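User: I am new to this structure. Please set each term against its definition as we go.

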Amino acid sequence: MDALLTHLFPEPMPREVKSNIVVIENFKVAGDYAFFKPDLIWSTTPGPTNQRWDWLLLCAEVKREKVDAKAVLQGKGPPPEFTDEKLKSRKRRAARNNGVESSSKRRKIDVTPHEAQTAKYLNEMLSHGIRSYASGFFIKNKEIHLWYGDRMGLVKSCAFDWQAKPDLMALVFAAVGKATLAQLGISPFLKFSPTSPKFDSYEDGHIVLPAGEVVIGDSHERLEKGMAFKIDTTRKVWTDWGAVGRGTTVVPLEAISVAPEWLGTDALVAKMAWPHARRTPEENFIRIVRRKLQEKAPGYLRHIVDVKCFMTRNIKGMRLPRAFMGIELAEIDKREFRLIIMKKYDHLDRVDNADEFRTVFEHVVRAHHWVWTTSGVLHHDISTSNIMFYRDANRHVVGVLCDWDMAEEKLSDGEYQASDAHFLSVRLIPRKDPAATTVPQGRTLSTIDEQDDTPQTIKGLDQIIPGEHPPRPRYRTGTGRFIALDVLLEKEPPLHRYRYELESFFFLISYVCAVFDPKEHKFRPFSGAWERGNLEDVSDAKLNFYMNWKSFESSFDHSHEDFRTLVDKWVTPLWRLFRSAAKKRTDIDDLVDSRNTEAMEGMDGMVAKLDAEIEHLVTAWREMITYGAFMKCLGLPLHLPTDPTWPCNDPISWCLHQA
């Protein structure tokens, strides 16, 4: 590469790092998720050993097809890569896509299994390190495809013949050789010493935020000066798995420069993510939640994540190549970069015993309830990843509810009423309609529609509120193993409700008691289907967990002895509560079946009677899961003696009726 660059550009060019083309041979690139073996990589680390996805700059897959040379010499046909049909196909693709094939607008890229390997490599690169995007090549004989991936999808260029067009090949390698780390997809905020020739650790790494873009958390004051943070290498940089999506990266930091005078001396982390551009920013929800708690229930502020500062940039501001490709994205696929600096908290798996977990769990359940009652905000993603803690001056654990990037505000009464009406309208056959023989959209507890093969993370939108109320996008959000059963059972995602998050808390405590090892500080694999990617399998497993005592009991066969008391005192009473609600819904489904049979036979009198009974049952079912009922199962009071403020004169009565 250096010889090529010297020939093309006799004058020296500034480069942050000196990369090497490395042939991997029989070695694999190490990582946190998978061990793949790309054919070629660009890295500052020479040789095929000791390579990690964190430090790769580019990668390539090389495919060589065997050609029947004898047949070619005998004039029986050209090499397979130059058949007329393939040339025509290539021309059609080039004309159709104007030089670019993209996954935008949810269009699939037409790839071969070998090309799919390139996509897997980009996925691993974006699942490691502090990146904005990743690039690679697919080389097949004389053809080269350029590949690009970011949080919005993958892009594959049209092929070019590197022998027929060596100028394009030279431009590609010149661009790679000239590129800075940021131009190779590494975050533009990640900086190293100018004298550092390598990119193989964060020892000399800093996160540098530009002047005029940083906003202080609670005060919302925009700083005229920039901020610099040193990466704390005693803690691990963590990136969520998967190329497309939020792509959350958490970077441990130490404040330097002007940061300490604004942010204090707490240990910090930077959370970098790419949420949907049209979604309300996480920092906005946190600011609203904290302000309302400060006004009405300040005792719970310490249980909500403390944002120090934040900044936002769109894809042009981040200089993503996608912004300059002329590729049109569907509205729901547009994302933007958001960075939040916050206090460092410990993950839930760092608690030392069941008593500490109980304390953390109680803290976040109470804080979650008071967020709902003071600001009308629901979290939408209760999980072991989002419940954290810190230790106070006396080394006592303090639970904290983090990651509010999926949060939503409370809906209007009209929207909830429309949703309630919709729940029944899609299940009930109109009276005197013999032709109506099926219930078009409802799913019962006993029968789950086999056609609903919904993946773990669902990006699609459904508009299901009929009538005069404006439709609102619906998502199944959250981690599969913790999503409420009612949310899983409905073909169309229902309006999110407070009781669904209480059920998520129940699944969370059940999961922790079943698999957490406090001595090893890790969650062991769960034997049930809760871990599967298909939500239908998850809903089947949860249904069995509710309806079958042996299934429930056996889930805790391998519980750590420290958590067995918690299973008896907290988990089992909660299971009885949520099982009763599940059985109540079964009663509703059975009654709906009977009512529809009467409707098809034209028995209007009986139908009217059953309609009233069904409506009564639905109302009772919706009122079963409340904060008061949940805390009663835990044997805890609704409020603590230290709670300083209340939203009404009769807090106990008021709390009992919150759903």
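User: What is the strand order in the open sheet of three strands?

Analyst: The order is β18-β20-β21, with antiparallel pairing. Strands are DSSP runs of E with at least two residues, helices are runs of H or I with at least four, and both are numbered from the N terminus. This is a predicted model: local features need pLDDT of at least 70, side-chain atom pairs count only at pLDDT 80 or more, and totals for chains, interfaces and linings use all residues. Residues are numbered from 1 along each chain as its sequence is written, and side-chain values use heavy atoms, with hydrogens and water left out.

User: How do you know that β20 and β21 pair?

Analyst: Count the bridges. Two strands pair if DSSP finds at least two bridges between them. Strand β20 (residues 387–391) has five bridges to β21, in the antiparallel sense. Therefore they count as a pair. Tyr 390 has Val 398 of β21 as its bridge partner.

User: Which strands does β6 pair with?

Analyst: β5 is one of its partners, antiparallel, through seven bridges. β7 is another, with four antiparallel bridges. β8 (residues 160–161) is joined to β6 by two antiparallel bridges. Opposite residues include Phe 137 and Leu 146. Tyr 148 has Val 155 in β7 as its bridge partner. Glu 143 stands opposite Asp 161 in β8.

User: How many residues lie between β5 and β6 in their hairpin?

Analyst: Two residues lie between them, and Asn 141 in the turn has a positive phi of about 55 degrees. A second hairpin joins β6 to β7, also through two residues.

User: Why is Trp 42 called buried?

Analyst: Buried means under 20% relative accessible area, exposed means over 50%, and partly exposed lies in between (1.4 Å probe, protein chains only). Trp 42 has 2%, so it counts as buried. Phe 173 has 17% and is therefore buried too. As for strands, β6 is mostly covered, with seven of its eight residues buried. Strand β16 (residues 307–313) is mostly covered as well, with six of its seven residues buried.

User: What kind of aromatic pair do Trp 42 and Phe 137 form?

Analyst: Rings of Phe, Tyr and Trp (its six-membered ring) pair if their centres lie within 6.5 Å; planes under 30 degrees apart count as stacked, over 60 as edge-to-face and the rest as tilted. The structure holds 36 such pairs. Trp 42 and Phe 137 sit 5.3 Å apart, centre to centre, with 45 degrees between the planes, and form a tilted pair. Trp 42 is in strand β2 (residues 40–43) and Phe 137 is in β5 (residues 134–140), so the pair ties together parts 95 residues apart in sequence. For Trp 42 and Phe 173, the centres are 6.1 Å apart and the planes meet at 40 degrees, so this pair is tilted as well. It links strand β2 to helix α5 (residues 166–178), across 131 residues.

User: How do you know that Arg 358 lies over the face of Trp 570?

Analyst: A charge sits over a ring if NZ of Lys or CZ of Arg is within 6 Å of the ring centre and within 35 degrees of the ring normal. Arg 358 is at 4.6 Å from the ring centre of Trp 570 and lies over its face. Arg 499 lies over the face of Trp 621, at 5.4 Å.

User: What makes a space a cavity, and how many cavities are there?

Analyst: On a 1 Å grid over the protein atoms alone, a cavity is a set of points where a 1.4 Å probe fits but cannot get out. A pocket is an open set with protein on both sides within 12 Å along at least five of seven lines, and lining residues have an atom within 4 Å of a point. Eight cavities have 30 Å³ or more.

Note on methods:
Grid points are joined across faces, edges and corners, and a volume is the space filled by probe spheres set on the points.
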